[in-house]
Amino acid sequence: MAREQIGMTAAEVDVFFASQRWVVLATLDADGSPWADLAACGLEQGELHFLVCRGTRSHHNIERDARVCASIDVYPSYYAIRGATAHGAARRVDDGSLRARIARPGVPVADDSGERSDLYALSLDDVFSFDFAKIRNQY
C-alpha cells in the first residue's frame with residue numbers, strides 16, 4: 001500500500017514558516033558532525049531569515065561551511081502535528097530593518113559598537129514537510 005501524502009504545499013509551507021518566530025538551526029562542525037542552536041527567524045520575500053550571534057559555534061560553522069538545516073515543528077495534539085525542514089546554503093544579508101523585525105527579546109542585535117549578530121537567508125527550494133491533519137483515517 002502506498003504511503004499517504006501528508007506533506008504541505010509550497011503555499012502552506014510559506015504560511016507555516018511565516019507564523020513561527022524561532023527555528024532549530026543545524027550547522028556542520030569542522031569534523032562534519034552536526035551542531036544545533038535555536039535562532040530567531042522570520043519569513044521575508046519567500047526566504048527564511050534567521051539571526052546568529054557572532055562568536056558562537058553556529059556562527060563559526062556557517063562562516064566556514066554555509067550548509068544548514070532549519071527545522072520547525074509544532075505539536076498541540078497528535079493530529080495537529082506539523083513541521084517543515086529546509087536544507088541549503090545560508091547567505092549573509094545586510095538589511096538593518098529586516099534584522100530589527102526578526103529580533104526577539106534576548107537576542108543581541110546591536111549595541112554602540114554595531115551589530116552583534118549576523119542575519120542570514122535560506123531559500124525554500126529544498127523543504128520536507130508534514131501535516132498530520134492530512135491523515136485520512138484519524139481514530
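Buried means under 20% relative accessible area and exposed means over 50%, with partly exposed in between. The exercises below apply these classes to a predicted model.

**Exercise 1.** Determine which residues of helix α2 are buried, and where they lie around the helix axis.

*Solution.* The helix spans residues 57-64, and its buried residues are Ser 58, His 59, Asn 61 and Ile 62. Because these residues cover an arc of only 165 degrees around the axis, they are on the same side of α2. In general, an α-helix has 3.6 residues a turn, so residues three or four places apart point the same way. The next step is to find the packing partners of the buried residues, which are β1 (22-28), β2 (34-44), β3 (47-53), β4 (67-74) and β9 (117-123).

**Exercise 2.** Classify both partners of the salt bridge between Arg 54 and Asp 118, and state what the pair ties together.

*Solution.* The side chains of Arg 54 and Asp 118 meet with an N to O distance of 2.8 Å. Arg 54 has a relative accessible area of 42% and is therefore partly exposed, whereas Asp 118, at 4%, counts as buried. Since Arg 54 lies in the loop between β3 and α2 and Asp 118 in strand β9, the pair ties together parts that are 64 residues apart in sequence.

**Exercise 3.** Identify the network to which Arg 92 belongs.

*Solution.* Arg 92 forms a salt bridge with Asp 118 at 3.9 Å, N to O. This pair links strand β6 (residues 91-93) with strand β9, the two residues being 26 residues apart. Through shared partners, salt bridges join Arg 54, Glu 63, Arg 92 and Asp 118 into one network.

Note on methods
Residues numbered from 1 in each chain as written. Predicted model: local features only at pLDDT ≥ 70, side-chain atom pairs only at ≥ 80, totals over all residues. Heavy atoms only, no water. Buried < 20%, exposed > 50% of the residue type's maximum accessible area, 1.4 Å probe, protein only. Helix = DSSP H or I, 4+ residues; strand = E, 2+ residues; numbered from the N terminus. Arc of directions from axis to C-beta. Contact = heavy atoms within 4.5 Å. Salt bridge = Lys/Arg side-chain N within 4 Å of Asp/Glu carboxyl O.
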